[in-house]
Structure formats: C-alpha cells, structure tokens
Amino acid sequence: MLARHQHVQHDLDSVGALLQGVPPSNDAGVAPPSPDQQTAILAVAKLKVFLPTNGDKLIKWVLLCLFDRLVIGNNKAVTRDPVNDYLMQFLLECLLYLQDIDQSALDTVFEIASDHWMMRDDKVVFMLCFVADAVPAETLGSYHRYMVGKLAKHAIGHDQRSTETQIGDALLSHLIDKHPAKVRKATIDLFDVYLTQVSDTDTPMLDENDVDRYILIYLIAMTHWFPAIVDVCWSDMITKLFHNNTLINMVQFEQRTLYSQMHAADGTAMGIEKVLASWLGPAFFDGSSAFMRHAMDVAIVFDRLSFAVESSGQARAWMHASAVHFEKAQMAALDLVDDWLRPSLREAVKGDNNEETRLELPLKLMQHVIQHCAAMDKAMPWMIKLMSRLDYTCNPTLVHTLLEAVVTIALSHWPNFVESMLEQLFAQAMALNVRSNGTGDESASATVERILGNTAALFDVGRARAGSAVFSEYMATHWSQVMLLFLNDPSSQCRGVGYQLLGHSRFWTHANVMPSKEAVCKVLVENWFRLLRNRYLVDNGLDRDIAMSHLQALLVQCVQDASLTTLMLSALMDAIQKGSLEKIPRADVTNDTTSLLDRIVLPTAAADEEMPRSIPHVHVLASDIKSQDKIYMDNIDLTIEIFKSAMAQEGIGEHVVVLMRQWFPTTPQISVQVYDEALPHNIPYPHDISNGCAFKDHPVLFSLLALCKPTAPETCMAILRSVLIYFIAFWNMDAVAASQTTLDFATQLDETTQLWHWMRDVRLSLFLFFLFILELLPSRRERDEEEEEESVRAERKKK
C-alpha cells in the first residue's frame, strides 16, 4: 500500500515538474498547442489511471497546479493557454467521474480553497465559480453538507465568520446571479432532510454524532452569513413552512424532542432555543433587515404561531414588531387567502374565537394590500379571490366582518368598487356554473356556492351594510341570471344561500325590476312547489332542508312587501288551485332544464301517480299512512306557514280574505227551501259545486280558511256553508254510496270531520241549519240494512 502511494506521488511530482517547464501562454484557442504543451497535456491525461483509488489526491494536485499557473489581471480576466484549459477540463472530468461512483470530491475542493484562501483568494474564487457553473446543484448541495459537518465538529461557530463562510459568500454570490433556481433547490433539499425527522411519527433516537441535528442551526446561520439567500429562497421556504402545518409541527417537534442542537462557545452541545431568542432580536426586526423586506409574511408566521403554540404572547409581540414595516415591505409571497386566511379562520372554530384577536392582523394586512395595489383593477382580482375562496359556513362572523372591512376600505379609494366587483364576481360564477353543468366539476359548484354565500352575508340590505344599496340595484336587473347559478344545483346548501341572497338584496323594491314583478312572483312560487314535489323522490323526504327554509322566508318577505302582496298571494292561490300540492313526480324536478322564463308561463310537466291523502284527523288510518301521505301533509303545513307568517303583518289577512272571496264566491241570501228541494242528490247553485270541488281536491284550503276566520268570520262561514252543501251531495253520489267503506275516500272523510269541528263553534242558527241538512242525509246503517234485506228477498225468490 505504501509502495503504491509512493508510486502515485512520484508520478504526480514528475508531471508537476513537467508543467513547470511549460510556462503559461496567452494563445488558447488561437494557435494549436506547441509540442511542449502537447507533451504536458498527454502526461496529465495518463494520470486518470489513479482516479478510482486516489481521486482526492488527484483533485488536490490539479487544483494546486492551476493555482500556480493561473494568471489573473487587474480586471479579473484570466490568462488562458492550452495546458490550463486542459487542466480545468481534466478537473471537471475527475469530479464527474467520482460523483458517478458516489465518491464526491467536492469536499476536497472546499478544503483546498479554505487552505489557500488568504494567499490566492482571486484564483480560489475563479476555480470555485468554474466548478459551480459546471455542476451548480451538486456544488451548492455539497457545500451545505460540508458546512453542517463543520458545525457538528465545532470547527466553526454559528455566529462567527470564517474562511469557510467567505468561500460560501463568494460561491453563493456567483450562483445567485447565474443559477438562482439551483440555489433555491439545494437549500430546500437540505431543509427536506431535516423535515424527514419532523414528519416521522416516532420520537427519534438522539445520537450525539448525528450530523443532521445541526441542519437547523446551519439554516439559521446562513441568514447571517449570506443575507442574499433570504430573498432568493424566501418564497419557496415560507410556502413550504405553511403547507401541511409544517411550521407548527416543527415547533412542536423541537419542544417535544430537543432534536436540533448547536455548540456553545466552550464546545458544549446544547439545544438551539437560546440562539432562536437572540436571532429574533432587534437586528431581525430592524428596517434594514432582509427579513423585514418580507414583513407581511413574517407577521403571518407569528400570527399563525400565536394560535398554535404555548408562547402565544411572545409570538404576538413579534407579529406587532413585523407589522410596523408593512409600508416598505414587499407583497407577501404566501397566498394570503389559501395559505393563511382560510386555515386560520377554519381553526378559529376549534380554538380562540375572539373576533378582535383573530382579525387584528388580517384587517391591517387588508388595508395595506388595498393601498399597495394603488389601482382598482389590481385590487379587484384579490377581492374576487376572497369572495370565492373564503368559506362562509366556517366561522361566518369573522369571515363577514373581514369582508365588510375590505369593502369599506376599497370604497374609500374607489366609489364604484362594489359595482365593478359584482360584475366580475358573477361573471366568474357563471363561467364556473357552465363548467360544473358540463363536466360535473364539484369544485366549480362549491366555488359558486361560496360566492353566493359570501355575497348574501356581505350585502344584507336590511342591515344597511356598505355597498348593499348598489347590490340591491344590481340585482334588480340581474336577479334572473343570478338565480340560474343555483336553481338547478344538486346541493341544497347552494340553493339555500341563493334564495337567501335574493332575500337580502330586496331587489323587487326597485321600479326597474327586469323581468317584471309578475315574473318574479311566478318564478318564486313555481320553484317553491318544485321543491315540495322533489321531496317525494328522496329517501329522507320529510327532512326540511335549508333551501326550503330560505325560499319560504323569501316568499314571506315578498308577500309582506306592499308592491308584491297581491301578485304573490295570487300566484300562490293559483298554484294551489291548479293542484301543485297534489302532484307526485316520477323524475327529479330539481334538475329541470327548462329555461327560467319558460317556467314562468309553462308549469313543470310531471306524470302523477296515486293521489296522496291528507288524513291528519282519521286516527283509524294512522297505521296505514304511507310515506307519500306524510310528505303531502307536511307540504300542506309548509305552504300554510307562508301565509301564517306573512299574515303576522297587519293588513295581509285582509288581502287574503279578498282573494278568498274572489276565488270562492257565495250567495248573500240562502234559501233553505231551495236546498231542501235539491239535496241530497243535487246542488242548486253552480258556485257551490266549484267551491266544493276545490276544497275536496285541495285540503290545504281548509287550513287557509282557518287562518282567515279571525279576520272575516262571516265570509269564512259563507264559504264553509257552500262547501258543506257540496259534501252532502258528494256522499250521496252513486259511486260514493256504492263504496264498501267511507275509508275509500279518506281525505274527504277527514275534510268532513273538519267541517264538523268548524260547525261546533258557530252560532245556533247555523248549527240548527247543519242539523237540518244532516236530516237529509240517509243513514249509512239504514242503507246497509235495506241492501241486506233486499239481498235476502232475492235469495228467497230464487229458492
């Protein structure tokens, strides 16, 4: 082994002596190599045989030869010649070869550079840059590992400058200018090595000789040694820290394991918590600091930590110190919405929900961002992102307070901000809606829902919020387009916030509503009954979803508005009369593709099945009630709730009574004799037939009549008398009388029961009239006995 070593050294010395006899020239690339230069080049080439076994020694020899031969002028220009060019190429080939066989010799390059730095710094820098240009990622990656090793051996201090740090400064200055992406990648790759320990669910074994335990202190020290790297790597590093809660996981990992360490001045290994405190000192928050150029991101980091770690008070103090420098800071590299606001507001549900604390930094940042944008067209995309990305269901108070504050700030700069925002926001929503309908993209549908939900909460006209008047005017001419965004959405939540948005806008209060107010009423009523019919097609049909609640509230709003009262009540009554409650569809009416305006005129086509029954008072059938019967009765209750809620406002009851008189006319003067002659098989007045048919087929009318009774008892009793006449004749119809049981007409039996309950409370004259009419009814028992006797006589006759 010794003999071989002596043989290698002998050959290297011999070639070195040969090179000394060939002085450098300045004709590289101009004239072919001279015979002496060719001899020297061939001699160097033969040294490759020592590469597999003596690679480090060969690398060192080549570098020393180059240090002796290179001539660098005052202008930093290097005098070249064919031998020097070959030596430099030979060096690269050796480095690449050793790298291919996993014997990187770059550490040797750094050691030689360190040893000769003081005497030959220009030549050292030239060679380092030459190597780095050829293999930038490998050079910087090896330098990082080289320096981590130095820290682990306490060969250098993290807070001291040394020859090694000067080498790194020269290397990074060159690579940042020419290969910034490589610089970022090499630094992030080193950070990823550290993160493999953080992501490990098991507590790591703390080995004192584990060099990786010094990675974190090296990354911190780099910001002192090489300040320029902060700007180059900032975006990638800060984004990585925020994604997947990496930053919080790091802090908790270090608190739990004390994994990372450093050396004290006396060489004692210790944790890095003390150096962190000094690192985050006055110099860090100075206006000239590289970190304060990114004050927005720094403040966000500390805001996030303040809600996730125990030392929240210190984190908030650091956040305030960063916020001082917002005016001169660059725009945040973090995505303020996706990286910070969304997770921050989502986590607020689980932890501290104090509005003042949670919104302290967001409100400051929003104001700075608006001012930084200067022009509205630059601020608008950011506002659109806020509206489309923030989840209105997750801590809605915080979300809407934030959005309202941003709009208020923007309006102070640009008075037409809200109008422009609405146009762009709904244009984006319409494009997303088309994509969702065409491809079934659920993310597009979810974004539309967030836009609707945030807009509904932000511009509530009833609360007179900033911009709500502009929003109301906008919706007066765009309500039908906005309705198309949610009308056929499969999500009940999306349809619910859509109706809520319409209600908050109060768009119908404007004279320029387009399409007309009549169209508004017809569309809303039609959609109400579509929702009710769709309940028959789902498993949990009796559940009252959010879409129904919000549309019901919207209909009540419209009924209580003086300009829509008559129109809306007429539309509701018309739909009831046309049997909208009695239809059971065979197909899902939620995904109806009929155009909006067509549905104003054309009712939704649906093939009816067996008529549902309304039998809440027939207890004998309680065990026989089908699911569709339950849904039907609940639909009646839901529809009556609209009338009941609306009639809580003074004057609405009178409107309903007027419509009831129009829909169900009665005779002012009744003649008992006329009825005596006609009943029980005929009805003397046509209006009794039409009134009775309506009540027979639409049980909801009994409930509606009950609502009207306190307002106009005489009118209600007149209508009730007309219905009673019809039911007397109904029970005496041949088809009805031939039925084996009255339960075949369960709904009508229940309605007759309701008539009895009504008549119990009326004055004596009507009660006596009712008894008189009952005398005209043949007893079902008597009729059954007569039929039985006739059957016996017929049987005897046969015998």
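Reply: A residue is called buried when its relative accessible area is under 20%, exposed when that area is over 50%, and partly exposed in between, using a 1.4 Å probe and protein chains only. The model is predicted: local features need pLDDT of at least 70 and side-chain atom pairs count only at pLDDT 80 or more, while totals for chains, interfaces and linings use all residues. Residues are numbered from 1 along each chain as its sequence is written, and side-chain values use heavy atoms, with hydrogens and water left out.

Two further terms are needed for the charged pairs. A salt bridge is a side-chain nitrogen of Lys or Arg within 4 Å of a carboxyl oxygen of Asp or Glu. Helices are DSSP runs of H or I with at least four residues, strands are runs of E with at least two, and both are numbered from the N terminus. In general, side chains of opposite charge can pair when their charged atoms come close.

The structure holds 22 salt bridges. One of them joins Arg-184 to Asp-236, with the closest N and O atoms 3.9 Å apart. Arg-184 belongs to helix 9 (residues 180–199) and Asp-236 to helix 11 (residues 228–242), so this pair ties together parts that are 52 residues apart in sequence. Arg-184 is partly exposed, at a relative accessible area of 26%, and Asp-236 is partly exposed at 38%.

A salt bridge also forms between Lys-240 and Asp-192, whose closest N and O atoms are 3.0 Å apart. Here Lys-240 is the residue in helix 11 and Asp-192 the residue in helix 9, so the pair ties together parts that are 48 residues apart in sequence. Lys-240 counts as partly exposed, at 24% relative accessibility, and Asp-192 is partly exposed, at 27%.

Asp-338 is partly exposed, with a relative accessible area of 27%. Arg-342 and Asp-338 are linked with Asp-335, Lys-385 and Arg-389 in a network of salt bridges.

For charge, Lys and Arg count as positive and Asp and Glu as negative, whereas His and the chain ends are not counted. Asp-489 is buried yet has no salt bridge, and its nearest side chain of opposite charge, Arg-495, is 5.8 Å away. Asp-489 is located in the loop between helix 22 (468–486) and helix 23 (492–505). A polar atom of the Asp-489 side chain lies 2.8 Å from the backbone nitrogen of Ser-491.

The nonpolar residues come next. In soluble globular proteins, nonpolar side chains tend to be buried together. A nonpolar core is a set of buried Ala, Val, Leu, Ile, Met, Phe, Trp, Tyr and Cys residues joined through side-chain atoms within 4.5 Å. The largest such core has 249 residues, and those that touch the most other members include Trp-61 and Tyr-194. Helix 33 (residues 713–731) gives the most to this core, with 13 residues. Contact means heavy atoms within 4.5 Å. Apart from its neighbours within four places in sequence, Trp-61 is in contact with residues including Leu-12, Val-15 and Leu-87.

Met-660, in helix 29 (residues 652–663), is buried at a relative accessible area of 2%. Beyond its neighbours within four places in sequence, Met-660 has contacts that include Met-573, Leu-704 and Ile-719. Met-660 and Thr-715 are 55 residues apart in sequence and 8.7 Å apart in space, C-alpha to C-alpha.

Some backbone details complete the account. His-154 has a positive phi of about 60° although it is not a glycine; it lies in the loop between helix 7 (136–152) and helix 8 (163–178). Leu-258, likewise not a glycine, has a positive phi near 55°, and its place is the loop between helix 12 (246–257) and strand 3 (261–263). Leu-258 counts as exposed at 52% relative accessibility, whereas His-154 counts as partly exposed at 31%. A cis peptide bond, with omega about -10°, joins Met-514 and Pro-515. Pro-515 lies in the loop between helix 23 and helix 24 (517–534).

Definitions and conventions. A polar contact is a pair of N or O atoms within 3.5 Å; within protein, one must be able to donate a hydrogen and the other to accept it, and residues adjacent in sequence count only if both atoms are side-chain atoms.
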